[in-house]
Amino acid sequence: MTIMTIPTKPIEGQKPGTSGLRKKTRVFMGPHYLENYLQATWDGIGGVAGKTLVLGGDGRHFNDRAAQVMLRMAAASGAKKVIVGQNALLSTPAASHLIRKRKADGGIILSASHNPGGPDGDFGVKYNVANGGPAPEGVTEKIFAATTTITEYKIVEAQDIDLATIGTSHLLDTEIEVVDPVADYQDLMEQLFDFPAIKALFAGGFRVSFDAMHAITGPYAKAILEDTLGAAPGSVTNGVPLPDFGQGHPDPNPIWARDLMQTMFADDAPDFGAASDGDGDRNMIVGRGIYVTPSDSLAAIAANASHVKAYAGGLKGVARSMPTSRALDRVAESLGIDCYETPTGWKFFGNLLDAGRATICGEESAGTGSDHVREKDGLWAVLFWINMLAARKISVAALMAEHWKTFGRNYYSRHDYEAVDSVAAQALVDDLRKRLPDLPGTTAAGLSVESADEFAYDDPVDGSRSEGQGLRFTLDGGGRIVLRLSGTGTEGATLRVYLERVETDADRMHDDPQEALAGIIAAAEALAGIKQRTGRDKPDVIT
Ligand code: G16
């Protein structure tokens with residue numbers, strides 16, 4: 001086995017986005033593309049010599065090949081050890097847990113999350129740091145800088161490593177340990193949740209439908225829900241991970257998890273429905289006849305945490321990304337704890353969790369999690385809900401009705417305009433930004449604008465500042481609009497418009513969200529001229 005030093009040149013566009021580098025699979029498969037990025041990652045983090053790394057991915061097309069490249073490059077640069085999920089599979093939260101549990105220096109997660117997979121789909125590479133969380137901006141900036149100056153990379157010339165067999169082998173001096181991807185994660189869930197109470201719930205006939213969307217959570221959900229907790233066989237659907245996710249879009253929302261929605265709104269619906277995404281960090285919660293928005297789910301989780309084993313002692317604080325609805329703030333206020341508002345991206349929660357300022361965090365983009373790992377965690381949210389329902393002996397619909405009655409209902413929706421011309425989308429945001437100082441006091445579609453600004457975040461733990469994190473507007477009557485460009489798309493630009501209005505009149509808490517938000521939607525259009533500037537007459541996805 002020899003170490004080869006391959007000359008290369010910088011490849012444009014290797015700038016990590018909201019969550020690592022995401023590109024079309026064929027771009028990643030192009031000459032030197034993956035290798036350049038991995039070498040830049042090694043260079044950006046000060047090398048991997050003597051370090052221990054974790055490696056796994058969501059099993060999408062190119063996952064297996066990319067894992068072999070990563071191992072050969074880690075060995076060529078002198079890594080001490082790489083801990084790999086069997087067959088190079090690990091859900092994102094399981095990878096985060098493994099990094100923490102084994103005190104690794106960091107990890108590489110091969111995933112483009114909820115984006116479709118396959119040769120014509122998307123691929124991604126994310127670097128997580130020693131706390132198990134996504135690399136903070138200071139680190140991703142160094143990685144990006146290294147991609148722009150790279151001249152060579154190092155790789156071992158070797159046969160493929162056997163990643164199907166659990167055990168240890170060597171590549172040069174680097175130890176490669178292949179581990180069961182599920183076992184450690186399952187142990188952690190058993191520590192957090194009241195498994196006997198959940199078992200009793202299932203034994204009493206409680207029915208669940210979990211859609212794994214042909215993605216990574218299938219084996220985890222089957223092992224935990226069916227094999228351990230006793231959910232009926234077949235409760236986990238689409239449970240075998242496929243490289244192209246069965247040609248589906250593994251994004252757990254009412255649009256892409258349509259089958260689950262149909263199941264849960266049918267006459268004989270199960271008691272509880274849920275789904276997770278490509279890499280297992282997102283979640284979707286549905287009750288019989290009721291879809292729970294991620295923002296509401298986060299608020300309900302925080303409000304009911306005292307009923308759930310590991311959280312019964314109280315929450316240190318909570319955090320949400322800025323565009324996430326403010327339903328959580330109302331719960332935090334009543335619990336007398338801090339509620340932090342961070343930019344979009346799980347990486348911003350890391351410091352708050354490490355510093356013990358927050359216990360539970362969440363985002364409107366279907367991510368919820370706690371200080372048990374440093375990633376959002378789909379199956380954790382599902383188990384939290386089931387544990388909550390078992391403890392409270394209540395249905396999802398009744399729990400949400402009670403929640404809204406207590407705290408008010410934050411009607412919420414996100415409108416996405418996908419693959420918009422990048423120049424037009426940027427111009428929309430830039431022009432609106434220029435007008436921000438003039439907007440307070442004016443009206444938009446009959447609603448008066450109370451405030452208009454661009455969100456910037458000062459991290460209270462390390463003092464770093466992140467600017468340009470979304471344009472936000474508050475309107476009279478408790479309305480709010482946020483506009484920002486997605487940092488995870490791979491085609492053109494995706495404009496996200498987040499719409500929210502709080503309702504405290506108990507008689508008006510069960511309306512259709514799009515109708516309840518009609519005035520806010522009209523105000524967003526009046527402020528930003530979305531139709532004319534994007535050339536679209538309606539959003540591509542409404543969640
Ligand atoms: C990633 C990030 C999340 C973020 C989401 C959407 O999720 O980890 O923090 O909320 O992208 O980001 P954007 O609005 O920029 O597209 P995932 O599940 O894709 O890793």
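**Exercise 1.** In which sense do β5 and strand β6 (residues 122-129) pair, parallel or antiparallel, and over how many bridges?

*Solution.* Keep in mind that we're working with a predicted model. Start with the β6 side: β5 and β6 run antiparallel to each other, with five bridges between them. Next, pick out a residue pair: Ile108 has Tyr127 as its bridge partner in β6.

Now turn to β3. Strand β3 (residues 52-57) pairs with β5 in the parallel sense, over five bridges. Here Leu55 is the residue that stands opposite Ile108.

**Exercise 2.** Work out which residues of β5 point which way, and whether they are buried or exposed.

*Solution.* First, sort by direction: Gly106, Ile108 and Leu110 point one way, while Gly107 and Ile109 point the other way. Then check burial, which here means under 20% relative accessible area. All of them are buried. With five of the five residues of β5 (residues 106-110) buried, the strand is largely enclosed by the rest of the structure.

**Exercise 3.** Describe helix α3 by its span, its burial and what comes just after it.

Burial next: 12 of the 14 residues are buried, so α3 is largely enclosed by the rest of the structure. Among the buried ones are Asn63, Gln68, Met70, Arg72 and Met73.

Finally, step past the end: just after α3, Gly78 adopts a positive phi of about 85 degrees.

Key:
Residues are numbered from 1 along each chain as its sequence is written. This is a predicted model: local features need pLDDT of at least 70, side-chain atom pairs count only at pLDDT 80 or more; totals for chains, interfaces and linings use all residues. Side-chain values use heavy atoms; hydrogens and water are left out. Helices (H or I, at least four residues) and strands (E, at least two) are DSSP runs, numbered from the N terminus. The expected span of a helix is 1.5 Å times one less than its number of residues. Buried means under 20% relative accessible area, exposed over 50%, partly exposed in between (1.4 Å probe, protein chains only). Two strands pair if DSSP finds at least two bridges between them.
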